[in-house]
Amino acid sequence: STATATNMSSLFSGCAAFNQSVSSFNTAAVTTMSSMFTSCAAFNQSVSGFNTDACTNMSGMFQNCIVFNQSVSNFDTVLVTTMLTMFSACTAFNQVINFNAPVCTSFTQMFLNCTAFNSAVTFTSTGILTMNGMFQGCTTFNQAPSFSSTATATNMSSLFSGCAAFNQAPTFLTSTASVTNLSSMFTGCTV
């Protein structure tokens, strides 16, 4: 039983061949899932049964899971403070993201090099600090991401860098009062 587990960070990290069901996991008490499946190159199992109500850290959770393409629509992200590199280099990942993440401060490189990613992105977020490289290298991405507020964001560098197909009006840029770094934001957006 995993009912009393509070920390699942790096649980399967580096298990390149791992691709077993995790549907029986009780994650109700888990506060950190950072790097839980990092570099699980074969992993592509459902996580729809995960209770993430208590989770505060999802950084690198699926980083380098190159075949992972499962829904995360059930994830409760209301307490999550960082999603840094959460799906970075998930080259097959292409799922709709609709996260209520009011206290999340870091979205840095969240979808870095997710080359298949081209799904709708919606965040209810009021405390963003860093979103640099968030969609960097998402070569097929051509969506208008929606953020409830980016008023506190300070770093948007390389946000869409290398997004060769990107041709959207980033309307959330109307709230850039705190941004100090916009370098290379649209570099390589060739359309």
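Phe37 has a relative accessibility of 0% and therefore counts as buried, a word that stands here for under 20% relative accessible area, with exposed meaning over 50% and partly exposed the range in between (1.4 Å probe, protein chains only). The model is a predicted one, in which local features need pLDDT of at least 70 and side-chain atom pairs count only at pLDDT 80 or more, while totals for chains, interfaces and linings use all residues. Residues are numbered from 1 along each chain as its sequence is written, and side-chain values use heavy atoms, with hydrogens and water left out.

Phe37 is placed in the segment before β1 (97–100), where strands (E, at least two residues) and helices (H or I, at least four) are DSSP runs numbered from the N terminus. When residues up to four places away in sequence are not counted, Phe37 touches Phe12, Phe18, Val22, Phe43, Phe50, Met61, Phe62, Gln63 and Cys65; contact here means heavy atoms within 4.5 Å. Phe62, one of these partners, is itself in contact with Phe37, Phe43, Val47, Phe68, Val72, Phe75, Met86, Phe87, Ser88 and Cys90, again leaving aside neighbours within four places in sequence.

Which residues have the most contacts inside the largest nonpolar core? They are Phe37, Phe62, Phe87, Phe111 and Phe135, in a core of 55 residues, where a nonpolar core is a set of buried Ala, Val, Leu, Ile, Met, Phe, Trp, Tyr and Cys residues joined through side-chain atoms within 4.5 Å. At least two residues of this core are supplied by each of β1 and β2 (121–124).

**The chain as a whole**

The chain holds 0 helices and 3 strands, and its elements, read from the N terminus on, run β-β-β. For 191 residues, a compact globule would have a radius of gyration near 16 Å, and the chain agrees with this because its own value is 16 Å; the radius is taken over C-alpha atoms, and the globule rule is 2.2 Å times the number of residues to the power 0.38. Taken along the principal axes, the C-alpha atoms fill a box of roughly 50 × 30 × 20 Å.

Of the 191 residues, 45% count as buried. Among contacts between residues at least 6 apart in sequence, 62% join residues at least 24 apart. The chain exposes about 7500 Å², of which carbon and sulfur atoms supply 51%; these accessible areas come from the Shrake-Rupley method with a 1.4 Å probe, and for residues only the protein chains shown count as cover.

**Cysteines**

A disulfide is a covalent bond between the sulfur atoms of two cysteines. How many disulfides does the rule give? The count comes to 0, the rule being a pair of cysteine sulfur atoms within 2.5 Å. The sulfur of Cys90 lies 5.2 Å from the closest cysteine sulfur, in Cys65, and is therefore too far for a bond. For Cys104 the closest cysteine sulfur is in Cys55, at 11 Å, so this pair too is too far for a bond. Cys90 is buried, with a relative accessible area of 0%, and Cys104 counts as buried at 0% relative accessibility.

**Polar residues and backbone angles**

Gln70 and Asn69 both belong to the segment before β1. The side chain of Gln70 makes a polar contact with the side chain of Asn44 at 3.1 Å, a polar contact being a pair of N or O atoms within 3.5 Å in which, within protein, one must be able to donate a hydrogen and the other to accept it, and for which residues adjacent in sequence count only if both atoms are side-chain atoms. Beyond neighbours within four places in sequence, Gln70 is in contact with Asn44, Gln45, Ser46, Phe93 and Gln95.

Asn69 counts as partly exposed at 28% relative accessibility. A polar atom of the Asn69 side chain lies 2.8 Å from the backbone nitrogen of Asn94, and the residues that Asn69 touches, not counting those up to four places away, are Asn44, Ala92, Phe93, Asn94 and Gln95.

Asn64 and Phe37 are 27 residues apart in sequence, and their C-alpha atoms are 8.5 Å apart in space.
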